[in-house]
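Dear colleague,

I am handing over the structure below, and after it you will find an account of what turned up when I went through it. Please read the two side by side.

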Amino acid sequence: MKIFRYILWAWLSLLAPLSAAELGDDGLHKQDWFFDSFFELFDDLNTAKEEDKILIILVEQAGCPYCRELHKVNFARSEISEFIQKHALVVQLDLWGAREVLGFDGEALEERKWIQKQGVHFTPTTMIYDIDDDGNAIEAFRLPGYLKPFHYLSSLEYVVNGEYKKQPFQRYLQDKFAELAAKGIDPDVW
């Protein structure tokens, strides 16, 4: 009987996150907290900075299983979705999209051309932008592909806390692991 309850609980817990993301008409998964952008990226970044936030550009494509995983696993976790809503504006772009994007350099391109210009070739890719001391847009960090929840959240914290200016991400993670180990916590990284 105990094993039956565990199996039922496990099965039901798998179903729960399925409602976390809606599939849009364009085939991309949507979150109700995504920023409604005009795709003028420097304006979006300035809006983010006015709210003391970072700008996340999330590149996805229809039918991408790892994009689905990002939405249904990572974004379904409250610690991640709440962190993002508090600290970031998220603009979603389609790897194959044709909408006009006004880049940080002022050049207007179709989104697929702008994405290609950024060197993005697979999905999901999460690009995190900040403004440097001279007022220029900088890509502070890039998450190429799907990262499990622990590493995804750690990446966001790395940028929000300004650690990207001080140390490489691997060193940041090693410090975080050491801090958790000192507290007797074994993080669930897989």
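Two strands are taken here as paired if DSSP finds at least two bridges between them, and with that in mind one can say that Glu60 stands opposite Asp94 in β4. The strands concerned, β3 and β4, run parallel and are joined by 7 bridges. Please keep in mind throughout that this is a predicted model.

As for the overall picture, the protein has 7 helices and 8 strands, and of its 190 residues 45% count as buried. Among contacts between residues at least 6 apart in sequence, 59% join residues at least 24 apart.

Four strands form an open sheet in the order β4-β3-β7-β8, and the pairing within it is mixed. The edges are taken by β4 (88–94) and β8 (137–144), each of which has a single partner strand, so that one side of each is left without a neighbour in the sheet. From one strand to the next the twist averages 25°.

Is the edge strand β4 buried or exposed? Although β4 stands at an edge of the sheet, 7 of its 7 residues are buried, so the strand is largely enclosed by the rest of the structure. In a regular strand the side chains alternate between the two faces of the sheet. In β4 both faces are covered, with Ala88, Val90, Gln92 and Asp94 buried on one side and Leu89, Val91 and Leu93 buried on the other.

In soluble globular proteins, nonpolar side chains tend to be buried together. The largest nonpolar core in this model has 30 residues, of which Phe75, Ile84, Ile128, Tyr152 and Val159 touch the most other members. Two or more residues are given to this core by each of β3, α4 (78–87), β4, β8, α6 and α7 (169–182), and the largest share, 6 residues, comes from α6. Leaving aside neighbours within four places in sequence, Phe75 is in contact with a set of residues that includes Trp33, Phe34, Leu58, Ile84 and Tyr152. Apart from this core lies another, of 19 residues, among them Val91, Leu95, Val120 and Met127.

Helix α3 and His29

In helix α3 (residues 65–74), the residues Cys67, Leu70, His71, Lys72 and Asn74 are buried, and what covers the buried residues of this helix includes β2, β3, α4, β4 and α6. Strand β2 (residues 29–30) contains His29, which counts as buried because its relative accessibility is 12%, under the 20% cut-off. Beyond its neighbours within four places in sequence, His29 is in contact with residues including Glu60, Arg68, His71, Lys72 and Gln92.

Salt bridges

Side chains of opposite charge can pair when their charged atoms come close. A search of the whole structure finds 12 salt bridges, including the one that Glu107 forms with Lys117, whose closest N and O atoms are 2.6 Å apart. Glu107 lies in the loop between β5 (100–102) and β6 (108–110), and Lys117 in helix α5 (residues 111–117), so this pair ties together parts that are 10 residues apart in sequence. Glu107 counts as partly exposed, at 36% relative accessibility, and Lys117 likewise counts as partly exposed, at 44%.

A further salt bridge joins the side chains of Glu110 and Arg112, at 2.9 Å from N to O; Glu110 is partly exposed with a relative accessible area of 31%, and Arg112 is partly exposed with 33%. The side chains of Glu163 and Lys166 also meet in a salt bridge, at 3.5 Å from N to O, where Glu163 is buried with a relative accessible area of 17%, whereas Lys166 counts as exposed at 63%. Finally, salt bridges that share partners join Asp105, Glu107 and Lys117 into one network.

With best regards

Definitions and conventions
Residues are numbered from 1 along each chain as its sequence is written. This is a predicted model: local features need pLDDT of at least 70, side-chain atom pairs count only at pLDDT 80 or more; totals for chains, interfaces and linings use all residues. Side-chain values use heavy atoms; hydrogens and water are left out. Buried means under 20% relative accessible area, exposed over 50%, partly exposed in between (1.4 Å probe, protein chains only). Contact means heavy atoms within 4.5 Å. Axes are lines fitted to C-alpha atoms, for helices over the stretch in contact, and angles run from 0 to 180 degrees between N-to-C directions. A nonpolar core is a set of buried Ala, Val, Leu, Ile, Met, Phe, Trp, Tyr and Cys residues joined through side-chain atoms within 4.5 Å. A salt bridge is a side-chain nitrogen of Lys or Arg within 4 Å of a carboxyl oxygen of Asp or Glu.
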